[in-house]
Protein chains: 2
Amino acid sequence: MKKELAIVLASGGMDSCVSTAIAAVEYELAFLHVNYGQLTEQRELKAFNEIADYYEVENNYRLIADISYLTKIGGSSLTDRKVEMDMDGGDDNGTQNTYVPFRNTHFLTIAVSWAEVIGAKAIVIGAVAQDQPGYPDCKPEYFNIFNKLAEAGTKVSTKVKIITPVIEFTKNEIVKKGTELNAPLNLTWSCYKDSDVACGKCNSCVLRLNAFQKAGIKDPIQYKS
Amino acid sequence: MKKELAIVLASGGMDSCVSTAIAAVEYELAFLHVNYGQLTEQRELKAFNEIADYYEVENNYRLIADISYLTKIGGSSLTDRKVEMDMDGGDDNGTQNTYVPFRNTHFLTIAVSWAEVIGAKAIVIGAVAQDQPGYPDCKPEYFNIFNKLAEAGTKVSTKVKIITPVIEFTKNEIVKKGTELNAPLNLTWSCYKDSDVACGKCNSCVLRLNAFQKAGIKDPIQYKS
């Protein structure tokens, strides 16, 4: 029987790569990447294409969407060069300034439009609730509501659901699961700050390094420090 | 007392113009326009700026966002030049091919991100439920769910709600209300097809012409036929 089609939101990072590995068991894959003016845009795009090659995703099932209007909006150290990046902490609710306002909604919305046209039945996003308590758009409740929105806001014939394969995982469980499924973690990019060699110091690098350490697995990528 | 700030989704058309006139009573206004590769993109942009001038919207409160990735996605006669525009009818559920998949969600999502940064308390959209039964993202239920999504998916401190001032209006009630509030209907653009002189034949022109006729008011713009 032919597999149903799923669109993976493939950032080029580890969480979406492992989500892809999980989804690949059940679905045929289409890959969506979004440029939003983040510092490491080009490096992420390289990782996206290499991971798509690994999973043999055809060219007409790869979509790169540009939403660089987010740099006009700003409000985040990822999209506004004038804002110094939080290296820890965050505001009173634990939201770091790497939070991009309502970002996941942009990604999911693009995916739903594309799903409606190519007939995909699922959208896969590598959101992780536990490691990102300060990111409001990574909570299970948020995705439940988004599913209702996609149901109400598309054609009657369109049936598409959001899938979050790693939402309840810890980062080290993600490393273990990825290793188990032969996900190409060596091709992923996590650093928020640098594009040549990972900085090893930004929040995203620190989370990744801790995850590999706890999993007892060697991180296949290089770091500056 | 200083008025609260509202972001108007200003397409350049009549419905958003009259929604603006209604919102202007209560709110200070910011204007958001979205280019999505629609046929009449440049003409709409002209209308957007002329209406923003009329309401004396400052330049830092005008945002133009480009989501031309919708032309890569296609699936609509507005964004795919190879699809002939439905001039009436539509599919079994009355959805015409001028429907752009999940379009309003893109618009609202951009507005929520901007609202979170500039502190706007409301987002105003000129959706009309009655005249667009085939457009799933124009129903009150859809906007109710979107409000829940914006609540769940933004920072705890962010409080922004979607307002749909004309959603229960008929098109002729919109014309009457706009005339009563001195909305600059002469500056609006409705035609989906042409950018020099309105075609008078596409669905959007026909709806507009009928609305003025029923309202007993002369449409101030010119038509080809």
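Visitor: Leaving aside neighbours within four places in sequence, which residues is A:Ile123 in contact with?
Guide: This is a predicted model. In it, A:Ile123 is in contact with A:Ala6, A:Ile7 and A:Leu9, with A:Leu108, A:Ala111, A:Val112 and A:Ala115, and with A:Val160, A:Ile162 and A:Ile163, once neighbours within four places in sequence are left aside.

Visitor: And which residues of the largest nonpolar core touch the most other members?
Guide: That core has 137 residues, and those touching the most other members are A:Leu32, A:Ile123, B:Leu32 and B:Ile123. In soluble globular proteins, nonpolar side chains tend to be buried together.

Visitor: Turning to the chains, what rotation superposes chain B on chain A?
Guide: A rotation of 180°, with 0.0 Å of shift along its axis, at an RMSD of 0.0 Å. The two copies are therefore related as by a two-fold rotation axis. Both copies use the same surface, since 100% of the contact residues of chain B recur in chain A.

Visitor: New topic: at roughly what angle do the axes of H1 and H6 of chain A cross?
Guide: They cross at roughly 45° and come within 9 Å. H1(A) is therefore oblique to H6(A), and the crossing is left-handed.

Visitor: Which residues make that contact?
Guide: H1(A) contributes A:Met14, A:Asp15, A:Cys17, A:Val18 and A:Ala21, while H6(A) contributes A:Ile174, A:Lys177 and A:Gly178.

Visitor: How many residues of H1 in chain B are buried?
Guide: Of its 11 residues, 9 are buried, so helix H1 (residues 14–24) of chain B is mostly covered. Among them are B:Asp15, B:Ser16 and B:Thr20, along with B:Met14 and B:Val18.

Notes. Residues numbered from 1 in each chain as written. Chains lettered and ligands numbered in written order. Predicted model: local features only at pLDDT ≥ 70, side-chain atom pairs only at ≥ 80, totals over all residues. Buried ≥ 20, exposed ≤ 12 C-beta atoms within 10 Å, placed from the backbone. Helix = DSSP H or I, 4+ residues; strand = E, 2+ residues; numbered from the N terminus. Core = buried A, V, L, I, M, F, W, Y, C linked by C-beta atoms within 7 Å. Contact = placed C-beta atoms within 7 Å. Least-squares fit on C-alpha atoms with pLDDT ≥ 70 in both. Axes fitted to C-alpha atoms, helices over the stretch in contact; angles between N-to-C directions. Parallel < 35°, antiparallel > 145°, perpendicular 65-115°, else oblique. Left-handed = near helix turned anticlockwise from the far one by under 90°.
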